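Dear colleague,

Here is the structure I promised to hand over. Please have it open while you read; my notes follow below.

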Amino acid sequence: MTDHYEVLGVSRTASTEEIKKAYRKLARELHPDVNPSGDAAERFKSVTHAYDVLSDANQRERYDLGPQTGFGGGGGGATFGFGDIFETFFGGGQSRSAPRSRRERGQDSLLRVEVELEEVVFGVHRDIDVDTAVTCEACGGSCCAPGTSVVTCDICRGSGQIQRAVRSLLGNVMTSSPCGTCRGYGTVIPNPCPTCAGQGRVRAKRTISLDVPAGVETGTRLHLPSQGEAGPAGGSNGDIYLEVKVKHHETFSRNGDDLLATLEVQMTDAVLGTRVSLGSLDGEVSIEIKPGTQSADVVTVKDRGITHLRGAGRGDLKVGIQVVTPVRLNSKEQKLMEEFAASRRPVAPEFATFQQGLFAKIRDRFLGV
């Protein structure tokens with residue numbers, strides 16, 4: 001009688017895990033696809049048979065009790081389980097998998113939504129129409145015509161798999177493949193729902209309510225769980241991801257949570273100073289122009305920028321000043337300017353150290369450079 005423990009090279013007290021580990025090692029060495037030597041196939045059969053016996057608790061107990069139990073030794077003419085071989089080489093048996101489920105999760109969707117810069121200040125509510133898959137109301141996702149149901153496949157008898165014995169160098173190897181009649185589901189639909197053609201879902205338009213939070217910026221993605229398309233056969237909905245695009249504004253731009261704007265100021269107001277009230281994205285804002293204001297100066301109005309996406313508070317409104325020099329003067333204005341110039345000590349124009357352009361200077365001051 002063949003000693004299965006000796007064949008596998010383990011002791012009689014070896015654990016199930018030790019037996020399995022020894023079998024895997026030997027199977028990798030002896031499999032005909034790896035080892036083409038003449039005796040490799042026979043040794044592989046012996047090793048596999050030994051493992052079949054010792055890996056099963058009941059068979060191992062009978063083997064350990066000896067021949068009086070009626071347990072036969074030897075490995076000739078054995079039928080080898082394909083699952084063990086598959087597990088050895090591919091990491092897990094697949095020959096006896098459960099039937100496929102018709103019910104699957106729906107796919108996720110990526111949509112895009114445009115918002116105005118004004119709407120970013122405090123957030124906005126939107127209703128968005130989407131064309132997607134929804135559960136069929138006629139069959140409720142069952143895929144069957146009303147009053148009918150799925151029936152067990154009479155070919156695979158509900159297993160979803162067809163097993164066949166294939167003769168090979170290893171002996172008779174059991175293989176399995178999805179049932180061609182039920183496509184691996186284990187059931188068939190004799191009367192598909194006419195509305196959804198047996199899919200359990202149809203395409204339809206529906207409206208999604210969305211709250212766009214304050215502080216979002218272009219590229220921000222909002223996650224709407226379970227708002228995506230319905231899955232087949234009543235499967236759960238996928239998710240929707242909404243990518244935000246903030247539209248360009250003619251007056252205001254954005255740096256983080258600060259709003260940026262440029263204010264044109266007449267030369268006389270820059271010299272003498274003034275206060276103006278102007279419309280911003282959320283109502284009137286008062287801006288003080290101090291006497292002697294220069295082009296590229298920046299006036300900061302606190303807490304009139306974008307609401308922070310995370311945390312409390314708002315950014316600031318930063319206003320870059322551009323002093324406007326009059327181009328056309330009437331005779332009276334010309335005379336006044338001449339008198340003003342004559343009253344001041346003459347200062348001849350001269351080259352100054354290099355300075356960047358006005359808008360670049362404003363930009364740097366906006367950014368605190």
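**Around Gly-141**

Leaving aside neighbours within four places in sequence, Gly-141 is in contact with Thr-135, Cys-136, Gly-200, Ala-233 and Gly-234. Gly-141 sits in the loop between strand S3 (124-135) and strand S4 (151-152). With a relative accessibility of 4%, Gly-141 counts as buried. Gly-198 lies 57 residues from Gly-141 along the chain, and the C-alpha atoms of the two are separated by 8.7 Å.

**The chain as a whole**

Please keep in mind that this is a predicted model. The mean pLDDT of the chain is 83, and 83% of its residues reach 70 or more. Over residues 68-95, however, the pLDDT is below 50; beyond near neighbours in sequence, that stretch has 58 contacts in the model.

The chain has 369 residues, of which 36% count as buried. Its secondary structure consists of nine helices and 16 strands. Among contacts in the chain with a separation of 6 or more, 65% are between residues 24 or more positions apart.

The largest pocket has a volume of about 450 Å³. Its lining is made up of 14 residues, and Met-267, Thr-268, Val-271, Pro-326 and Met-337 are the closest to the centre. Helix H7 (267-272), strand S16 (317-324) and helix H8 (331-343) are the elements that give two or more residues to this lining. By class, the lining of the largest pocket has ten nonpolar, three polar and one charged residues.

The second largest pocket holds about 270 Å³ of space. It is lined by 15 residues, and those nearest its centre are Arg-102, Arg-183, Tyr-185, Gly-198 and Gln-199. Gly-198 is also the residue whose C-alpha atom is 8.7 Å from that of Gly-141. The lining of the second largest pocket has eight nonpolar, four polar and three charged residues.

**Cysteines**

How many disulfides does the structure hold? The count is zero. Cys-156 is in no disulfide, and the nearest cysteine sulfur, that of Cys-182, is 3.6 Å away. Cys-156 is buried, at 7% relative accessibility.

Cys-196 is likewise in no disulfide; the nearest cysteine sulfur belongs to Cys-139, 3.8 Å away. Cys-196 has a relative accessible area of 7% and is buried.

**Two backbone angles**

Most residues other than glycine have a negative phi. Two residues in this chain are worth a look on that point.

Ser-226 is not a glycine, yet its phi is positive, at about 60°. Ser-226 is placed in the loop between strand S9 (221-224) and strand S10 (240-246). Is Ser-226 buried or partly exposed? At 45% relative accessibility, Ser-226 counts as partly exposed.

Ala-296 also has a positive phi, near 85°. Ala-296 is found in the loop between strand S14 (283-289) and strand S15 (298-301). Ala-296 has a relative accessible area of 0% and is buried.

Regards

Conventions:
Residues numbered from 1 in each chain as written. Predicted model: local features only at pLDDT ≥ 70, side-chain atom pairs only at ≥ 80, totals over all residues. Heavy atoms only, no water. 1 Å grid on protein atoms, 1.4 Å probe; cavity = no way out; pocket = protein on both sides within 12 Å on 5 of 7 lines; lining within 4 Å. Points joined across faces, edges and corners; volume = space filled by probe spheres on them. Helix = DSSP H or I, 4+ residues; strand = E, 2+ residues; numbered from the N terminus. Nonpolar A, V, L, I, M, F, W, Y, C, P; charged D, E, K, R; others polar. Disulfide = S-S within 2.5 Å. Buried < 20%, exposed > 50% of the residue type's maximum accessible area, 1.4 Å probe, protein only. pLDDT = per-residue confidence, 0-100. Contact = heavy atoms within 4.5 Å.
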